[in-house]
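Subject: Structure handover

Hello,

Here is the structure I said I would pass on. Please look through it, then read the notes below.

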Amino acid sequence: MKKFKIKSYCKINLTLKVLKKLNTGYHKINSLITFCSLHDEIVISKINDTKDKINFVGQFKKGIRKNLNTITKTLFLLRSKKIIKNNYFKITIKKNIPHGSGLGGGSVNAASLLTFLNSKMRLNLKKKKIYQLAREVGFDTPIGLSRKNTFLFGTNNKILRINNKFNLNILIVYPNLNCSTKKIYLKNKRFSKYISSPNFNTIGKKKLINFLKKENNDLEEIAVKIYPKIKKVINFINLQKGCHFSRITGSGSAIIGIFSDINSAIYAKKLIKLKFPKYWSNVSKTI
C-alpha cells in the first residue's frame with residue numbers, strides 16, 4: 001500500500017433533543033447533523049513491522065492518548081475479529097478539529113479509517129457489518145460513515161441519510177474547554193417531547209432556517225451551567241449581523257453560529273478574535 005491521505009470531516013449537531021434516558025444508561029435522542037469543510041487529515045501507509053506506528057500532530061493533538069484512541073480501537077477491533085491479519089500501518093493524524101468540543105473529531109477519524117480500509121484492502125464488509133463495527137468503536141462513529149446530512153432518531157438511534165444539501169455558513173468557536181459527554185448527559189435534566197420533523201430531503205433553505213431557529217440543543221442548559229463562559233460566546237454570536245442563531249454542538253464545548261452569508265460569518269470571526277482573543281474559531285461551509 002502506498003501512502004494515502006484521507007480527509008476526515010467534522011460533524012455539527014444543528015439540533016439535539018434528549019427524549020428520555022434508557023435502562024442501558026444511554027439516551028434516546030433526535031438530532032439533525034451536518035458535516036462542514038473543517039477536517040482532520042489522516043496519512044496512512046502499510047509498513048513491514050509487527051505493530052502500528054500511530055502519531056497525532058497538529059494544533060489539537062494535546063489530550064489524545066497515544067495508545068488508546070478511536071484509531072487504535074478501530075485497528076484492535078478489526079484484528080480481534082480477524083478481519084485484518086498480519087497487516088500493520090503507519091498512521092499520522094493531523095488534528096485540526098478541537099478535541100472534546102462536540103465536533104466528533106475522534107468519531108469521524110475512526111469512521112474514515114473503517115471506510116478507507118474496507119475499500120483499499122478489499123475487506124468486502126457489508127453496510128450492516130461496517131455499521132456494527134463502527135458502533136463498537138463509539139456511539140457517534142456510525143454517523144461519520146457517510147458525509148451526507150443525517151437525522152438521528154429512535155431508541156436505537158437509527159440513521160436517516162438526507163440527500164438534500166443545506167448550504168449553510170457556519171462560524172465555529174472553541175472556548176478551550178474539553179467537555180465530558182458522559183458528565184453532561186449524567187447531569188442533564190432537560191427532556192423534550194417528540195415532535196414530528198419536516199421532510200429534510202425536500203425542505204428549502206428558508207424553511208430549514210426557520211425550523212432550526214425554533215429548535216435547540218437540550219444539552220446546552222447543563223453545559224452552560226457547568227461552563228458559564230459558553231453562554232457569553234452564544235450571546236455574542238447572536239448579536240452579530242447576519243446571524244440566524246447560535247448554540248452548542250453535541251455536548252459542547254464548541255459553539256456554532258449559522259449566518260446568512262459567508263462574509264458575515266468571516267466578519268463575526270474577526271469580532272470574536274477581538275472579544276475572546278484566546279479562543280479558537282473557524283468559518284466553514286456545509287459539504
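About 1400 Å³ of space lies in the largest pocket. This is a predicted model, in which local features need pLDDT of at least 70 and side-chain atom pairs count only at pLDDT 80 or more, while totals for chains, interfaces and linings use all residues. Residues are numbered from 1 along each chain as its sequence is written, and side-chain values use heavy atoms, with hydrogens and water left out.

Some terms for the spaces come next. On a 1 Å grid over the protein atoms alone, a pocket is an open set of points with protein on both sides within 12 Å along at least five of seven lines, a cavity is a set of points where a 1.4 Å probe fits but cannot get out, and lining residues have an atom within 4 Å of a point. Grid points are joined across faces, edges and corners, and a volume is the space filled by probe spheres set on the points.

The lining of the largest pocket comprises 50 residues, and those nearest its centre are Ser107, Phe139, Asp140, Thr181 and Lys182. Two or more lining residues come from each of β1 (4-21), β2 (27-47), α1 (70-80), α2 (105-120) and α4 (181-187). Helices (H or I, at least four residues) and strands (E, at least two) are DSSP runs, numbered from the N terminus. By class, this lining has 19 nonpolar, 24 polar and 7 charged residues. Here Ala, Val, Leu, Ile, Met, Phe, Trp, Tyr, Cys and Pro count as nonpolar, Asp, Glu, Lys and Arg as charged, and the others, Gly among them, as polar.

The second largest pocket has a volume of about 200 Å³. Its lining is made up of Thr115, Lys127, Ile130, Tyr131, Pro142, Leu145, Ser146, Ile159 and Arg161. The lining divides into 5 nonpolar, 2 polar and 2 charged residues.

There are 2 cavities of 30 Å³ or more. The largest cavity holds about 50 Å³ of space and is lined by Tyr131, Arg135, Phe139, Pro142, Ile143, Leu152, Asn157 and Ile159. Its lining has 6 nonpolar, 1 polar and 1 charged residues. The second largest cavity has a volume of about 30 Å³, and its lining consists of Lys11, Phe35, Ser107, Val108, Asp140, Ile143 and Gly144.

Now the sheet. An open sheet is formed by 4 strands in the order β8-β9-β7-β10, with antiparallel pairing; two strands pair if DSSP finds at least two bridges between them. The edge strands, each pairing on one side only, are β8 (243-248) and β10 (280-285). On average, neighbouring strands of this sheet are turned by 20° against each other, direction ignored. Axes are lines fitted to C-alpha atoms, for helices over the stretch in contact, and angles run from 0 to 180 degrees between N-to-C directions. Strand β7 (residues 169-174) is joined to β10 by 6 bridges, and isoleucine 170 stands opposite serine 284 in β10.

Helix α7 (residues 229-238) touches β7, β8 and β9 (255-259), and its direction makes about 170° with that of β8. Helix α8 (residues 262-275) touches β7, β9 and β10, and its direction makes about 175° with that of β10.

The structure holds 9 aromatic pairs. Rings of Phe, Tyr and Trp (its six-membered ring) pair if their centres lie within 6.5 Å; planes under 30 degrees apart count as stacked, over 60 as edge-to-face and the rest as tilted. The rings of phenylalanine 60 and tryptophan 280 have centres 5.5 Å apart and planes at 90°, so this pair is edge-to-face. Phenylalanine 60 lies in the loop between β3 (53-57) and α1, and tryptophan 280 in strand β10, 220 residues apart.

Two backbone details remain. Most residues other than glycine have a negative phi, and most peptide bonds are trans. The peptide bond from glycine 252 to serine 253 is cis, with omega near 15°, and serine 253 lies in the loop between β8 and β9. Lysine 82 has a positive phi, near 55°, and lies in the loop between α1 and β4 (88-94).

Regards

Terms used:
Contact means heavy atoms within 4.5 Å.
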